[in-house]
Amino acid sequence: LPYLVSYPYGCVEQTMSRFLPSVLTAKTLKGLGISLEEIIRRRQLPLAQGDTLHPTACLSDAVLRDMIEKGKQRLYDFQHGDGGWGWWKNDPTNLYMTSYVLFGLNQARQAGLDIDSSRIHQAGQFVWRQFDALHLEEDRQLGNHIDGNRLAYMLYSLSSLPEMKNRILELKKAKMQKGRGVLGVMYFLYD
């Protein structure tokens, strides 16, 4: 946890890569019924060789809650009008980055964090529109825009949205295959 405090977070990817582990840590601690303060009392954590950060720099529930809230607000602030995210606040929307944030916000919501549903809905709609446009293109054109693994990740990020499950199932029924990863993800999620 001390490393999350010093983890750089300027861009969307860095913010999400700090936010989501913090959320999942808080969920785990709550499930175990233990506080970070109690962990400190039970065991002092040594620093790794060469580290200068104090090992208890972030080991309080209040600091963890603050990190989560600041990360969430930063992600909200960086969301674009089209529902997506770029790498930065004012750069073009990036499909992969939007899928990553959609996945992370869904995970946070499932962990019990209060996440604005409209943010997730807007992001889900953006990813679906991009996916829908891509899967209708010719196979030869698809390779010029996005590979099967990224397409599969888009589906994966959409899969936890209840309103998207039926759409994804329809693709499975139609035997839509734009890469091995897509078909594999659909079978993993829905079989």
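Predicted model: local features only at pLDDT ≥ 70, side-chain atom pairs only at ≥ 80, totals over all residues.

**Entry: helix α5.** I wanted to know how much of α5 is covered. I found that 12 of its 16 residues are buried, so by the under 20% cut-off the helix is mostly covered. The buried ones include L95, M97, Y100, F103 and A108.

I then checked the length of α5, residues 95–110. At 1.5 Å a residue its 16 residues should span 22 Å, and the end C-alpha atoms are 22 Å apart, so the two agree.

Next I looked at both ends. At the N-terminal end I found N94 as a cap, with a side-chain oxygen 3.0 Å from the backbone nitrogen of Y96. After α5 comes G112, and I noted its positive phi, near 100°.

**Entry: S22.** I located S22 in helix α2, residues 12–32. Is S22 buried or exposed? Its relative accessibility is 0%, so I counted S22 as buried. I also saw its side chain reach the backbone oxygen of R18 at 2.8 Å.

**Entry: the largest pocket.** I read off a space of about 350 Å³ for the largest pocket. Of its 15 lining residues, A26, K27, K30, R65 and I68 are the closest to the centre. The elements giving two or more residues to this lining are α2 and α4 (61–78). I noted that α2 gives the most, with 5 residues. Sorting the lining by class, I got 8 nonpolar, 2 polar and 5 charged residues.

Terms used. Residues numbered from 1 in each chain as written. Heavy atoms only, no water. Helix = DSSP H or I, 4+ residues; strand = E, 2+ residues; numbered from the N terminus. Expected span 1.5 Å × (residues − 1). Buried < 20%, exposed > 50% of the residue type's maximum accessible area, 1.4 Å probe, protein only. Polar contact = N/O pair within 3.5 Å; in protein donor to acceptor, adjacent residues only side chain to side chain. 1 Å grid on protein atoms, 1.4 Å probe; cavity = no way out; pocket = protein on both sides within 12 Å on 5 of 7 lines; lining within 4 Å. Points joined across faces, edges and corners; volume = space filled by probe spheres on them. Nonpolar A, V, L, I, M, F, W, Y, C, P; charged D, E, K, R; others polar.
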